[in-house]
Amino acid sequence: MMRVALRNLWQHKLRTSLTILAVLLGVAMISGTYVLTDQLRSGFEDIYQSAYKNIDVVVAPKPAFGESFEAGMETLPDSLVAKVEAVEGVTTVNPSLSALGVLVIDGEALQTMGSPTLFFNAAPTELDSVTYYAGSKPDQSGEIAVNRDAAEANDLSVGDEVAVGTQNGAVPVRISGLFDFGSEGASLGGSILVVGTTEDLRDWFDLQGVVSAIEVKGEGTDADALAARIRAAIDYPQATVKTGAVSAAEQTQAVGDALDSVLTPALLAFGGVAVLVGAFIIFNTFSITVAQRQREFAMLRTLGATRRQVLGTVVAEALVIGVGASVAGLFAGLGVAMGMNSLFKAVGADIPVGGLEMAPRTIIIGLAVGIGITLVSALVPAIRATRVPPVAALQEGAALPPSALSRYVPYFGGLLAALGIGLLVLGLLSQGSVTDRLLQMAIGGVLIFFAVATVAKYVVRPVARVLGWPVDRVDGSAGRLARENSMRNPARTAATAAALMIGLAVVVFVAVFTAGFKSSFVDAVDEMAKGDLIVRTQSGGMMTALPESAGEAIRRVPTVESVSGIAFQQVQVEGGATGAIIGIEPSDMKRQWEYRWLDGGSDALLDELGSDTAVVEEQFALDHKLAVGDTVSVLARSGKTADFQIVGKYRDPNLFAGLTVSTAGWDRLFAQRDAVFYLLSVEPGASVTATQKGVAAAMGSYPQAIVETKAEYIDSIVKQLNQFLYMLYALLAVSVIISLFGIVNTLILTVYERTREIGMLRAIGASRSQIRRMIRYESVITAIMGGVLGIVLGTAFAYIVTTQLGAQGISFTVPPVQLVICLIVAIVVGVLAAVLPARRAAKTDILAAIHYE
Amino acid sequence: MSDSSTTHQTRTGDEPAAPDPLDTDSVVVTRSLTKIYGSGDAAVKALRGVDVAIGRGQLTAIMGPSGSGKSTLMHIMAGLDRPTHGTVTVDGIEITGLKERDLTQLRRDKIGFIFQSFNLLPMLNAQENIVLPLTISGTPVDKSWFERLIGIVRLEDRLSHKPSELSGGQQQRVAVARSLVGRPAVLFADEPTGNLDSRRGEEVLQLLRQSVDEFGQTIIMVTHDAHAASISDRVLFLKDGMIVHDHGSMASDDIYDVIRSLEGVCPADANGDGDARSLAAVLCAPETAAAEVVGAAAGGSDGDGPGRAER
C-alpha cells in the first residue's frame, strides 16, 4: 500500500511538489524563527561571555526591580572600590564606568537605529574584554577606541579626529585604537562601542564619585569563594556580587527570556498563519485527489482492501508529503532566518547574531508541525476515501454519498464562528496575562477562519455569479465558461479561496489596525500639541535622552517663547507592575499641551502640581486601580520610593500614558532629569523656520538632537510605523504566496479532471487562447473571492479589536488605498496562479482528450 | 458474431442448465431476492424475487436489457449491495447479514472481479497489478501458480510495463490474471469485453473459458454481448427484475433473438427450432404461453415470485 502511495506521488510530480511547497514554507518560517532567535541568543551569549571572560567577580548595582540588563545606568559609590581592593586574593580591580552616548563623525551623530552606542572606560589589561587589532588602548584624555563593526561601517582608522556626544555636549576626540569584542568577526549588530579613559568617562557623563560596577581579577582562589569574601567585606545590600561566569550566564538568560516572550511568539505567529494556509491547501488537494481516485479506492475494496488499508494509502501519501516538506522546510528555515535577519537590518533593527545553528528543539518542532499539520489536514479527505463503496468500481461516475453529518455543516460553522468571536472578545477584555490573551484572540481568529471556510461554499454561487458577470460580458464564451466552472464545485472553490482569504485577512487586519493606530496617534499629536517645534533624540528612546543642559540651550534661543522638557522613566507601582512616570515642567507644559481632562479637571491642576501630587492617565489608573484622591507609591530602579496623591485624570493613551509628576516630584526619585523630548513654542510673530534653525544651531553640542516642526515630527513617526508595517507585510507575503500555490494546485487538478471536456471544447472550435482565458478567469474569480472574504474578515477583526481597544488610543479607520491594493494583489495572485494550468489546458491534445479514459 | 458462434458449437446443447438450489455444488445461491430503491411513489423495484443457484465450475452469463436488474443482481451476489429482502449464499456463507469486516474477508477469500474499464492502478506495473489482491491481504505469492497464470494470459514479457504502456487487450488480460491470482470461489466479470474490439474481446473470452475448463473456475459474467454470452455454460435473461429465461449453453444467434424479443422486437420466425426460439415466441405472445414458460424458466424453483414477463 505504501508503494501505491509513493508511486502515486511520483507520478504527479508537479502536484506533489506544490503540495510539499505549501507545507514547506510554513515549516521554514517556524524553524527559521527558532534558528534566528537561537542565533540572537548565541550572539548575545558570545558578547556576554567575552565581556566577562577575564573577570572573576563583578560587583554591580542591584536595581530595585526589573532585570539588571535592562536596568540602565545605576551606580555604586566609589568608596566600595577600596573595600574590594583590600579583600584577600584580589589582584586587580577595575572601577568600571559605562554610559550611553553618541559618536559624532563630521558633525553628524551616527545613526544606530535602535542599537545603543555604549561608552566604557579602558580596563586594566588583565581585566580587558577587548582585543586591539589596530593602534592601542586610549591612555590619555581625548583619546578613544572603537569596535571593528563601527570602524568598518564608518571607515574609521587610527588617528581620525571625531567627536563624542556626551552628557555635557559634544567633545572632540582622536581615535587611538580599534578593537574586536567577542570572538573575532562576531557581529554586535549595529552596536557601537567606544572606549575612553576613566577620567574622560567621569567628565563626559557626570560620573564623579561613582562607578557603574567593580570588576575583579583574583588569584589562587576559586571565584565563588572570592565572591563570598567580597560580599562579606563590602556589606552593601544595594550591590550584587557574582562571579563573572554567573553574570554572563544570567545576562544571556535574561536576553533569552526577553526574546522568548516577545520576538519568538511574534515571529511564530507569522509562521502559524503560513502553516494554517498550508493546512487548507493540503486539505483541498487531498479532497480533490480523493474525489478523482474514487474508482481506484473502490477497486481496491473489491480486491479485498479494508477501509483501514484505503485510509492507509491516503495517510501514507500525507506522511510522505509531511516528512518531505518538514525536512526541506528545516533547511529552508536556515534561509528564512537569514532573510528575517536582513529584513530586520533593512528596517534598522540590527541585532547581534551568532552562527547559524539548528538546535534539536528546532528540528523536533519543525518535523512535528510539518508532519502533524499534513496528517491532520489530510485526515478528513482520507476518511472520505474509506467511505467509497466497493460498488463504485463498477459504476460510471459514482458520487460519494453525503456524510450523515453534512447537513449540520452550516450549524457547525455558526457554532465555530460564535466560539471564535467569543474567544476573540474574551481575549480582548480579560485581565489575564498578555500572552494568554493574545493566544485566546489568535485561537478565536483561527476558529473564525474555519467557520468562514466551512460556510463559504454556500456563498460561492452568488458571489461567482456577480464576479463572473464582467468577464462574461467582456469575453463571452470563455468568460461564461469560467464563471460556470467556478460554480461547479462550490466546496472546492471555497476551500481554494479560503487559503488566500486567511493570508489577506491578516494583511488587512494589520493594515486597518495600523491605520487606526496611525490616525489616532497623528490626531493626538495634531490636536494636543500646541507648540510649534519638537526637539527629540534620534532613537526616540531613553537611551540617548537629552540632558537638562540641552533644555537650557534651547531656552537661550531668543525667539523661543516657552520650553517644556519631558522625561520618561519606568517605575514599579505599588510593589506590583511597572509603569511609566512622566516628568514635566507644569507651567510650561500648560502652554505646550492641550490636556484632555476627565472628571471635571482643568489646567489649574497643573498649577497645583507639587512635589507630592500627580495627575494620571486614564489607562494607567485603570491598570493600577487608581482613582483621583488615592495615594500611589512608586519605586525607582535606584531604590528610591515616593508617594504621590492623585489629583486629576486625563485621557492620552498615545503619548503620555502614565503617571505625570512635576519636576519637584521627579527629583524625589531620580538624580537626573534627562528629557526624551522638548516641546517648544515660538514667540508670537517670530518665524518658526528661523527659530527652528536657531534651535538646531543651539543643539550643536547635542548631535543626537533632532529639531522638527509638528508636521515633520508626525511625518517621521508615520514613516517609522510604515517601515514596521512593511516588515509585517513582508512576513505575511509568505502566506499569500502559499495560497497562490494552492490555487495552482486546484487548477491543475481541475484541468486534469476536465481533460475530456477541454478536448471537446477544442474540437468544436475553441481556440487555445480561449481555453487559456477560461482557466485564467476561473482563477481570478476564485482569487477575488478569497480577496473579498479576506478583506471583509480582516476589516471585521480590526473593527472588533479596535473598538474594544478604543480606550488604548486606537481608532477604527479603514485605509481605502490599502484595501484596493489587497484586491489588486488577489487579482495578480489569480493571474499568476493560472499561468501554468492554463498552459497545460491549452496544450490538451484534442484526439487524446476525447479518447481519454 | 454468427461466425464465431460455431466456435462453441460443442458446448451448445439442450442439457438442463440450472442445478437445484440445494445442490451442494452451487457456489452462489440466491433466495427470493428483492431490491427496492427509494421509497413511496419513487420506489423502483430493481429485483422482484430472484431465485437462482450458480453451479460450481460453470461460466454463467447474465443478460438483459438496460434496467432489467442484471447489474443489481450481480452487485448483490458479490456482496457489494444488500438486498431489500431475500438471501445470498456464497460458497456456503450466508452473506446478506455480514458485517463490513466479514465482507472484506469474503472478497479476499472468495470473490474476484473483472471490470469493463480494467481498473488497473496506473502507478503499478503489470506484475504488481496482478499480485495486488495478495499484497492487500498480505498473502505470499504462489510462484508456480503465478507463472502458470501469466503463461496463460501471455504477459511474460510485459510484466514490468505500466498500464499506460499496454494495449486495452493486454490491460484486460492483466485484470483477468489479477482476478485469478487468489483463486476465488467465484469470479464476477462486469462487461469484460465492453471496452475492447472484437478480436481483443475474443482473447479475453477465451481466457475466461479456459479458466473454467482448466481450473474449474466459477464465473458469473454480466454482458450485453450475445457473442460473449455464447461461450457460457448457462445464460440467464433478466427483465424487469425477474429471471425470464434460464437456459444452458446457447448459440449467439439464439441469444440475439431472445434479446430482441425482450426488447420488444419479435424474431421473424417465432416458431424456429430450439427452446430459445420458442421462448422468444412466447415472450412475444405472453398471454398464450406464459405459464409454460415460467415453469421452464424458473428451472425447478419452488415457484414463489413467478419470474414472468409482464408484457
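In which helix of chain B is B:Thr104 found? In this predicted model, B:Thr104 belongs to helix 3 of chain B, which covers residues 100-109.

The surroundings of B:Thr104 can be described from several sides. Because 23 other C-beta atoms lie within 10 Å, B:Thr104 counts as buried. Once its neighbours within four places in sequence are left aside, B:Thr104 is in contact with A:Gly304 and A:Thr306. Within its own chain, B:Thr104 and B:Ser137 stand 33 residues apart in sequence, and their C-alpha atoms are separated by 9.8 Å.

Chain B as a whole contains twelve helices and ten strands, and 51% of its 311 residues count as buried. Among the contacts in chain B with a separation of 6 or more, 68% are accounted for by residues 24 or more positions apart.

Helix 7 of chain B, residues 168-180, has 13 residues and reaches 18 Å from its first C-alpha to its last, close to the 18 Å expected at 1.5 Å a residue. Eleven of these 13 residues are buried, so helix 7 of chain B is largely enclosed by the rest of the structure; the buried residues include B:Gln170, B:Arg173, B:Arg178 and B:Leu180. The elements of chain B against which the buried residues of helix 7 pack are listed below.

| Element of chain B | Residues |
|---|---|
| Strand 6 | 111-114 |
| Helix 4 | 126-130 |
| Helix 5 | 132-137 |
| Helix 6 | 143-152 |
| Strand 7 | 186-190 |
| Helix 8 | 198-215 |

Key:
Residues are numbered from 1 along each chain as its sequence is written. Chains are lettered from A and ligands numbered from 1 in the order in which they are written. This is a predicted model: local features need pLDDT of at least 70, side-chain atom pairs count only at pLDDT 80 or more; totals for chains, interfaces and linings use all residues. Helices (H or I, at least four residues) and strands (E, at least two) are DSSP runs, numbered from the N terminus. A residue is buried if 20 or more other C-beta atoms lie within 10 Å of its own, exposed if 12 or fewer, and partly exposed in between; C-beta atoms are placed from the backbone. Two residues are in contact if their C-beta atoms, placed from the backbone, lie within 7 Å. The expected span of a helix is 1.5 Å times one less than its number of residues.
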